[in-house]
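Please look over the sequence and the model together before reading on. The paragraphs that follow go from a helix to the cores, and then to the rings and the charged pairs.

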Amino acid sequence: SRDLKYFKQITCATRDPKKQNAVIMGRKTWESIPPKFRPLPDRLNVVLSRTENYHFDEKEAHRCCHYQDFETSLTELSQNDGIELIFVIGGGKIYEEAIAHPNCKHLYITELSKPFDCDTHFPQLPKHFKRVYHSNYYVTDSFSYAFTRYDLV
């Protein structure tokens, strides 16, 4: 719950109230969000999929867009005057492409105290990112976690 609130706070906050942020995600990440929570509110939801005519339902269409590749999505979003910040929220291959991109300046990462059996992992952090923020640890019944931020150096 705390992680989801932090995620929403980071990805929704804008300095200009007339603008919104964009969240870029792969198709599998999009489809992992329960339909009743899609699209993520108060952000432009960008879904990357190789499918040429990816379809959103009526409820989703007005706050979503689709691109077939990461670079095109960045180019289009950076030219959109209504977008303030662009966040990449998964999956693994998109994370790899994003952290290698020259415009990637900050990484907001929730660090977990133990590994989990899952099919996607965040890539190894490049040496040109330095941790500049580390929250207190938050403890759940089975693990602890902390919010971190890494900046490009």
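Which residue caps the N-terminal end of α4? The cap is D69, which has a side-chain oxygen 3.3 Å from the backbone nitrogen of E71; a polar contact is here a pair of N or O atoms within 3.5 Å, where, within protein, one must be able to donate a hydrogen and the other to accept it, and where residues adjacent in sequence count only if both atoms are side-chain atoms. Helices (H or I, at least four residues) and strands (E, at least two) are DSSP runs, numbered from the N terminus. The model is a predicted one, in which local features need pLDDT of at least 70 and side-chain atom pairs count only at pLDDT 80 or more, while totals for chains, interfaces and linings use all residues. Residues are numbered from 1 along each chain as its sequence is written, and side-chain values use heavy atoms, with hydrogens and water left out.

The largest one has 13 residues, of which A22, I24, L44, V46, L48, F70 and L77 touch the most other members. At least two residues of this core come from each of β1 (20-26), β2 (43-48), β3 (64-67), α4 (70-78) and α5 (92-100). Apart from this core lies another, of eleven residues, including I33, F56, C64 and F87. As for F70, its contacts (heavy atoms within 4.5 Å), leaving aside neighbours within four places in sequence, are with I24, L48, V88, I94, E97, A98 and H101.

The rings can be taken next. A pair of aromatic rings is described by the distance of the centres and the angle of the planes. Rings of Phe, Tyr and Trp (its six-membered ring) pair if their centres lie within 6.5 Å, and planes under 30 degrees apart count as stacked, over 60 as edge-to-face and the rest as tilted; by this rule the count comes to ten aromatic pairs. The pair of F87 and Y108 is tilted, because the ring centres are 6.3 Å apart and the planes stand at 55 degrees. This pair links distant parts of the chain, with F87 in strand β4 (residues 83-88) and Y108 in strand β5 (residues 106-112), 21 residues apart. F87 is buried at 13% relative accessibility, whereas Y108, at 35%, is partly exposed.

F116 and F143 form an edge-to-face pair, at 5.2 Å centre to centre and with 85 degrees between the planes. Since F116 lies in the loop between β5 and β6 (129-134) and F143 in the loop between β7 (138-139) and β8 (144-152), the pair ties together parts that are 27 residues apart in sequence. Both rings also belong to a cluster in which ring pairs link Y6, F116, Y138, F143, Y145 and F147.

In strand β8 lies T148, which is buried at 0% relative accessibility. A polar atom of the T148 side chain lies 2.8 Å from the backbone oxygen of I109.

Charged side chains complete the picture. A salt bridge is a side-chain nitrogen of Lys or Arg within 4 Å of a carboxyl oxygen of Asp or Glu, and by this rule the count comes to three. E31 and R27 meet in one of them (2.8 Å, N to O); being four residues apart in helix α2 (residues 27-32), E31 and R27 are separated by about one helical turn. In another, R38 meets E60 (3.3 Å, N to O), which links R38 in the loop between α2 and β2 with E60 in helix α3 (residues 58-61), 22 residues apart. R38 is buried at 13% relative accessibility, and E60 is buried at 5%. R149 forms a salt bridge with D151, with the closest N and O atoms 2.6 Å apart; R149 is partly exposed at 25%, whereas D151 is buried at 14%.

Methods
A nonpolar core is a set of buried Ala, Val, Leu, Ile, Met, Phe, Trp, Tyr and Cys residues joined through side-chain atoms within 4.5 Å. Buried means under 20% relative accessible area, exposed over 50%, partly exposed in between (1.4 Å probe, protein chains only).
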